[in-house]
Amino acid sequence: MMLDLIEIAHIVFAGITLLGGLALAFTKNIIYASFLLFAVLFGIAGLYVFYGAEFLAMSQIIVYVGGILVILLFGVMLTHKLRDLKPKTEIVNLIPGLILSTGLFSIFVVFVGEIDFSQSLAKDKLDLGKAVEHVGNNAERIGVGNLTEYLLLFELASVLLLVVLIGAAYLTRKPKGEEATS
Amino acid sequence: MNWSDWVFLVSPFLFCTGVFLVITRRNAVMALLGIELILNAANLNFVLFSNRETGIPHGQMAALFVIVIAAAEVAVALAIILNVYKRFKTVNIDDIDTLKN
């Protein structure tokens with residue numbers, strides 16, 4: 001089997017994702033875990049490009065890597081005293097966790113083995129030369145979808161984000177009367 | 001099973017890793033990382049199976065809304081975690097058992 005450059009890049013991004021996930025499962029340091037999650041999310045963004053979703057890849061990097069990870073790091077730093085910096089967490093339930101997750105994964109492997117993908121759309125997605133032909137209209141199609149079929153969901157998402165913005169600010173505010181003491 | 005079908009196993013692997021993280025960690029922030037991993041595994045499958053040539057890519061739309069919901073969820077969850085830390089001085093999930101019994 002000859003591998004061309006695109007396939008090699010595809011495998012590299014999948015490898016970043018998989019190795020990052022594996023390391024994430026066994027690291028004890030929360031700071032390391034946050035940065036490993038960064039690697040995993042970045043690898044997934046790369047995979048999105050190969051599956052013809054450039055707009056989603058950019059959203060992934062901007063929203064997840066730029067937003068959510070920064071918030072998570074904030075959470076880590078605010079919930080661990082910086083003086084005695086011990087951002088460690090122990091691993092509990094190791095054996096049940098291993099049994100459940102490897103069992104689940106082997107079930108998935110068996111299922112994927114059962115399915116014949118040769119007829120599906122996803123197979124021809126992996127014909128990456130074909131993917132290159134369609135580069136460019138992805139954002140346009142998502143925009144059309146947002147304003148036609150998904151208009152209600154789109155508006156609801158904006159309302160949800162507003163609610164969450166207000167709610168999170170309300171939850172983390174100082175109660176009345178404590179402003180003077182701090 | 002074809003050898004090139006390995007692409008369909010990336011997202012199950014991430015899903016199982018997320019489940020493992022949620023089960024084996026007692027730190028609330030680490031459990032949150034596991035949930036993020038599970039959401040991303042679902043997203044990856046949506047994108048892998050969405051149509052990408054013409055028309056509205058429904059799978060990608062679903063993934064987009066999942067990203068929106070995930071952002072909202074992380075913001076609220078961290079607000080709750082900060083409040084819990086302020087009250088109990090810990091984020092260990094096992095120690096927060098006021099409602100037990």
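Analyst: Before we start: helices (H or I, at least four residues) and strands (E, at least two) are DSSP runs, numbered from the N terminus. Residues count from 1 along each chain as its sequence is written, while chains are lettered from A and ligands numbered from 1 in the order in which they are written. This is a predicted model, where local features need pLDDT of at least 70, side-chain atom pairs count only at pLDDT 80 or more, and totals for chains, interfaces and linings use all residues; side-chain values use heavy atoms, with hydrogens and water left out.

User: Which element gives the most to the side of chain B that touches chain A?

Analyst: The contact (heavy atoms within 4.5 Å) takes in 69 residues of chain B and 86 residues of chain A. About 7,000 Å² is buried between the two chains, 75% of it from carbon and sulfur atoms (buried area is the accessible area, 1.4 Å probe, that two parts lose on being put together, summed over both). On chain B's side, the elements giving two or more residues are α1 (10-24), α2 (28-49) and α3 (58-88). With 23 residues, the top contributor is α3(B).

User: How many salt bridges does the rule find across the interface of chain B and chain A?

Analyst: A salt bridge is a side-chain nitrogen of Lys or Arg within 4 Å of a carboxyl oxygen of Asp or Glu. The structure holds one over all chains, and that is Arg26(B) with Asp94(B), whose closest N and O atoms are 2.9 Å apart. Both partners of that pair belong to chain B, and the tally across the interface is zero.

User: How many residues apart are Arg26(B) and Asp94(B)?

Analyst: Their salt bridge has its closest N and O atoms 2.9 Å apart. The pair links distant parts of the chain, with Arg26(B) in the loop between α1 and α2 and Asp94(B) in the segment after α3, and the separation is 68 residues.

User: What arc do the buried residues of α7(A) cover?

Analyst: Helix α7 of chain A spans residues 138-147, and Asn138(A), Arg141(A), Ile142(A), Gly145(A) and Asn146(A) are buried there. They all fall on the same side of α7(A), because around the axis they cover an arc of only 140° (taken from the directions from the helix axis to the C-beta atoms).

User: Which exposed residues are on the face of α7(A) turned away from its buried side?

Analyst: The buried residues have cover that includes α3 (54-79) and α8 (151-171) of chain A, along with α3 of chain B. The face turned away carries Glu140(A) and Leu147(A).

User: Which chain A residue does Ala63(B) touch?

Analyst: Ala63(B) is in helix α3 of chain B and is buried, with 0% relative accessible area. Leaving out residues up to four places away in sequence, Ala63(B) touches Asn43(B), Phe46(B) and Val47(B), and from chain A, Leu56(A).

Note on methods. Buried < 20%, exposed > 50% of the residue type's maximum accessible area, 1.4 Å probe, protein only.
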